[in-house]
Amino acid sequence: MAALHKTDPRIHFEIFTTIPTWFFEDSIGCGFSHHLLLTDIGLVQKTSLCADLPETVQQLDRFIPFDVETIREQAEQIRRMDCSLVICDIAPMGIAVAHKAGVPSVLVENFTWDWVYEEYFAAQNGLRRHADYLQTLFRQANYHVQTQPACMPGTVDLTVAPVSQRPRSDRRETRRRLGIPNGARLLLMTMGGIPEDYGFMETLTLPEDLYLVIPGSGRSVDIHDHRISLPHRSAFFHPDLIAAADGVIGKVGYSTLAEIYHGGIPFGFIKRSNFKESDILANYIEKHMRGFAIKEEHLQTGEWVAAIPRLPAIPRIRREGPNGAEQIAEFILNLIN
């Protein structure tokens with residue numbers, strides 16, 4: 001959305017989601033209207049690394065199949081708004097609404113939920129019928145875009161490089177605002193936006209020349225003994241934090257991977273067990289990025305701290321290739337024009 005708006009500021013987005021309005025205010029700024037609507041269940045998370053499968057099935061049972069009246073009302077709404085295209089980031093309700101309204105739809109994905117659910121059929125057989133329903137919906141999209149690293153590479157309309165927003169602030173300026181001295185090293189720890197209980201932090205001792213920034217780890221900005229905790233919503237744009245860092249430690253997730261990929265910095269990555277996208281993302285990191293794996297169990301025990309000196313010593317990669325966001329923006333502009 002940010003890439004499209006930068007290319008053509010006349011474009012206006014009608015965003016249907018449960019994600020709060022401030023997220024879009026902070027990330028794309030203007031040119032959108034926000035509509036509160038549950039469009040997707042995905043996986044219910046206990047923590048950033050652990051899914052709650054029984055609760056996922058219960059919520060899907062209440063949500064799927066989609067309510068016929070809801071789909072009709074939303075289809076009428078996007079017709080009244082004169083929407084020319086519906087873009088879905090693996091939330092398939094949009095495809096159903098677009099189909100009902102007679103408006104073309106674009107599916108943008110590196111995986112779809114039916115593919116994810118397959119891994120859990122043995123543990124939660126109730127996911128099977130939901131996967132079948134969603135698979136049928138995904139196939140109704142008029143256009144299909146896959147983003148690298150794609151989990152199910154296939155014949156699609158467009159395949160693009162990793163998708164991320166570009167930094168807005170200079171690396172030096174971000175470090176100054178964080179209070180990082182010249183010559184010091186900076187590590188960023190990120191778990192994909194889900195709040196975590198970092199019990200090891202109380203006993204963590206960092207070298208004199210190294211600072212650790214942890215977004216989403218507090219209610220306010222807190223600086224203590226080279227540790228900088230930031231609230232879930234802070235004055236720092238996440239891609240700026242990535243660009244300012246000498247290394248990142250965190251959960252393997254798509255948006256984090258994409259930002260680190262384009263930043264070219266080393267990644268100490270933690271795979272999610274029992275989530276098969278993690279294996280594909282980890283393989284992509286090993287082939288196209290720099291860094292190393294950190295065991296999931298070492299996160300709470302604090303054993304990952306031993307890896308801290310290694311990460312900033314790994315050379316950065318200078319990226320000159322395209323950003324998938326701009327590639328998708330060009331594709332969509334050609335469709336609506």
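This report describes strands, helices, side-chain contacts and backbone features in a predicted model.

Residues are numbered from 1 along each chain as its sequence is written, and side-chain values use heavy atoms, with hydrogens and water left out. Because the model is predicted, local features need pLDDT of at least 70 and side-chain atom pairs count only at pLDDT 80 or more, while totals for chains, interfaces and linings use all residues.

**The β5-β6-β7-β8 sheet**

Helices (H or I, at least four residues) and strands (E, at least two) are DSSP runs, numbered from the N terminus. Strands pair if DSSP finds at least two bridges between them. An open sheet with parallel pairing is formed by four strands in the order β5-β6-β7-β8. β5 (86-88) and β8 (158-160) stand at its edges with a single partner strand each, so one side of each has no neighbour in the sheet. On average, neighbouring strands are turned by 20 degrees against each other, direction ignored; axes are lines fitted to C-alpha atoms, for helices over the stretch in contact, and angles run from 0 to 180 degrees between N-to-C directions.

Within this sheet, β6 (residues 105-109) and β7 (residues 143-147) are joined in the parallel sense by four bridges. V108 has V145 in β7 as its bridge partner. Helix α13 (residues 324-336) packs on the sheet and touches β5, β6, β7 and β8, where contact means heavy atoms within 4.5 Å. The direction of α13 makes about 155 degrees with that of β8.

**Other parallel strand pairs**

In what follows, buried means under 20% relative accessible area, exposed over 50%, and partly exposed in between (1.4 Å probe, protein chains only).

| Strand pair | Bridges | Bridge partners |
|---|---|---|
| β13 (residues 247-251) and β14 | four bridges | K251 and I270 |
| β14 and β15 (residues 291-293) | three bridges | G268 and F292 |

A crossover is right-handed if, with the strands pointing away from the viewer, the path from the first strand over the helix to the second runs clockwise. The path from β13 through helix α10 (residues 254-263) to β14 is a right-handed β-α-β crossover. β14, helix α11 (residues 277-288) and β15 also make a right-handed β-α-β unit. Another right-handed unit consists of β1, helix α2 (residues 21-27) and β2.

N323 lies in the loop between α12 (297-301) and α13. Its relative accessibility is 1%, so N323 counts as buried. A polar contact is a pair of N or O atoms within 3.5 Å; within protein, one must be able to donate a hydrogen and the other to accept it, and residues adjacent in sequence count only if both atoms are side-chain atoms. A polar atom of the N323 side chain lies 3.0 Å from the backbone oxygen of S164. The N323 side chain also reaches the backbone nitrogen of A325 at 2.8 Å. Leaving aside neighbours within four places in sequence, N323 is in contact with P162, V163, S164, R166 and H262.

**Aromatic pairs**

Rings of Phe, Tyr and Trp (its six-membered ring) pair if their centres lie within 6.5 Å; planes under 30 degrees apart count as stacked, over 60 as edge-to-face and the rest as tilted. This rule gives twelve aromatic pairs. The ring centres of F63 and F66 are 5.3 Å apart and the planes stand at 75 degrees, so the pair is edge-to-face. F63 and F66 are both buried. F111 and W113 are also edge-to-face, because their ring centres are 5.2 Å apart and their planes are at 70 degrees. Both of these residues, F111 and W113, are buried. One aromatic cluster is formed by F111, W113, W115, Y117 and F275.

**Backbone features**

Most residues other than glycine have a negative phi, and most peptide bonds are trans. The peptide bond from I64 to P65 is cis, with omega near 0 degrees, and P65 lies in the loop between α3 (53-63) and α4 (68-80). Q148 and P149 are also joined by a cis peptide bond, with omega about -5 degrees; P149 is in the loop between β7 and β8.

D82, which is not a glycine, has a positive phi of about 60 degrees. D82 sits in the loop between α4 and β5 and is exposed, with a relative accessible area of 65%. I90 is not a glycine either and has a positive phi of about 60 degrees. I90 is placed in the loop between β5 and α5 (93-101) and is buried, with a relative accessible area of 10%.
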